[in-house]
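The sequence and the structure are shown below.

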Amino acid sequence: MEVNATANTAAKGAWSLLSSTPLVCYVILVLVGILGNGMVICVVGENILRQQKVYRSSDMILVNMAFSNLMVSVARNLLLVLTDLGIKMSPSMNWCQILMGIWVWLRCANVWSTFFVSAFHFQTLRRVAPPMASLNGSRGPPRSLLMGFVLLWSLNLIYSIPAFVFSTKGDKNATETLMLVSSTTRPLLGCLWDFPSTYSGLAFATASMVIHEIIPILLMSVTNLGSLITLYTHGSKHHPAHKSQGMPIMHRVPAERRAAKVILALIILFITSWGASVVSMNYFNYNRGPSSAYLLVVARFTNSGFIALSPFILAMGHRRLRAVILKCKC
């Protein structure tokens with residue numbers, strides 16, 4: 001990928017144009033994301049361990065999503081905060097390759113971990129006769145779920161190999177001639193893509209956008225819509241199946257409906273954050289107008305908004321997590 005050494009970097013002046021207020025707000029947003037997701041891991045994880053070998057699949061999936069959020073915050077957003085506060089970071093070429101690979105890996109895993117929440121809820125509701133163990137907790141970690149976690153993290157690690165290989169350290173004033181529209185693969189800290197050709201760089205950016213953003217968004221939207229339709233059907237008082245079947249899921253319609261609404265709120269927040277970031281980055285890529293610096297600030301906030309706010313949305317549907325948050329407020 002070619003590097004333009006004379007291009008003006010609007011990103012560097014974005015914070016100065018808006019004084020120190022957005023920087024303070026961004027620092028708070030990142031810290032809230034770290035503390036909030038850390039709390040989810042501790043509270044829900046402790047609840048899993050406290051059950052004495054009884055594991056709830058839903059809690060394990062929530063911990064996995066919170067862990068991916070936390071890792072993105074620590075490995076990426078926290079580094080942005082430190083550089084914005086004036087701490088100079090100039091990674092070497094080897095470190096740029098490592099960091100770029102880690103960023104792509106964590107971001108891709110984070111997207112699919114969010115989809116896992118919606119997919120698991122939909123799969124649970126679609127069971128014709130769900131066993132009591134799946135509702136009250138199964139003995140030992142479910143092998144299929146553990147295998148899903150292994151595949152999620154390992155396949156995304158394999159996908160991020162090009163980021164490990166085709167990355168390099170840019171000059172102090174260098175910017176990319178080819179700006180990547182995907183928030184998944186947007187470089188930072190002076191690390192740049194160094195693909196053999198512009199076409200290969202475009203291919204990787206396009207594949208990343210389709211595979212790790214558009215497809216998961218469509219899938220999580222479809223599965224959540226399916227969950228809502230299933231719950232509406234089961235919750236109807238006039239539905240014949242509601243009277244004739246004694247399935248355990250029928251007695252959990254209010255709780256499952258609340259869970260579906262929480263997942264819907266997560267999906268809306270994710271799509272809003274992703275959409276605002278992509279629009280802002282594309283305006284900068286192809287317009288470079290006077291508003292581009294401000295839109296880069298918007299992109300920075302929206303990239304961290306989902307991670308910071310998702311723990312509070314999860315607390316709306318998780319009794320123990322909600323109790324801990326209310327206790328902290330008191």
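## Burial of an aromatic pair

A residue counts as buried when its relative accessible area is under 20%, and as exposed when that value is over 50%. The model discussed here is predicted. Tyr 159 has a relative accessibility of 17% and therefore counts as buried. Phe 204, at 8% relative accessibility, is likewise classed as buried.

In one of them, the ring centres of Tyr 159 and Phe 204 are 5.3 Å apart and the ring planes meet at 15 degrees, so the pair is stacked. Because Tyr 159 belongs to helix α6 (residues 143-159) and Phe 204 to helix α8 (residues 198-235), the pair ties together parts that are 45 residues apart in sequence.

Tyr 159 and Phe 204 also belong to one aromatic cluster, together with Phe 166 and Phe 195.

## Packing of α3 against α6

Two packed helices are described by the angle between their axes and the distance between the axes. For helix α3 (residues 57-84) and α6, the angle is about 15 degrees and the axes are 11 Å apart. Helices α3 and α6 are therefore roughly parallel to each other, and their crossing is right-handed.

On the α3 side, the contact is made by Ser 57, Met 60, Ile 61, Asn 64, Phe 67 and Ser 68. Helix α6 contributes Leu 145, Leu 146, Phe 149, Leu 152 and Trp 153. By class, this contact of α3 with α6 comprises 8 nonpolar and 3 polar residues, with no charged residues.

Definitions and conventions:
Residues are numbered from 1 along each chain as its sequence is written. This is a predicted model: local features need pLDDT of at least 70, side-chain atom pairs count only at pLDDT 80 or more; totals for chains, interfaces and linings use all residues. Side-chain values use heavy atoms; hydrogens and water are left out. Rings of Phe, Tyr and Trp (its six-membered ring) pair if their centres lie within 6.5 Å; planes under 30 degrees apart count as stacked, over 60 as edge-to-face and the rest as tilted. Helices (H or I, at least four residues) and strands (E, at least two) are DSSP runs, numbered from the N terminus. Buried means under 20% relative accessible area, exposed over 50%, partly exposed in between (1.4 Å probe, protein chains only). Axes are lines fitted to C-alpha atoms, for helices over the stretch in contact, and angles run from 0 to 180 degrees between N-to-C directions. Angles under 35 degrees count as roughly parallel, over 145 as roughly antiparallel, 65 to 115 as roughly perpendicular and the rest as oblique. A crossing is left-handed if the near helix is turned anticlockwise from the far one by less than a right angle, and right-handed if clockwise. Contact means heavy atoms within 4.5 Å. Ala, Val, Leu, Ile, Met, Phe, Trp, Tyr, Cys and Pro count as nonpolar, Asp, Glu, Lys and Arg as charged, and the others, Gly among them, as polar.
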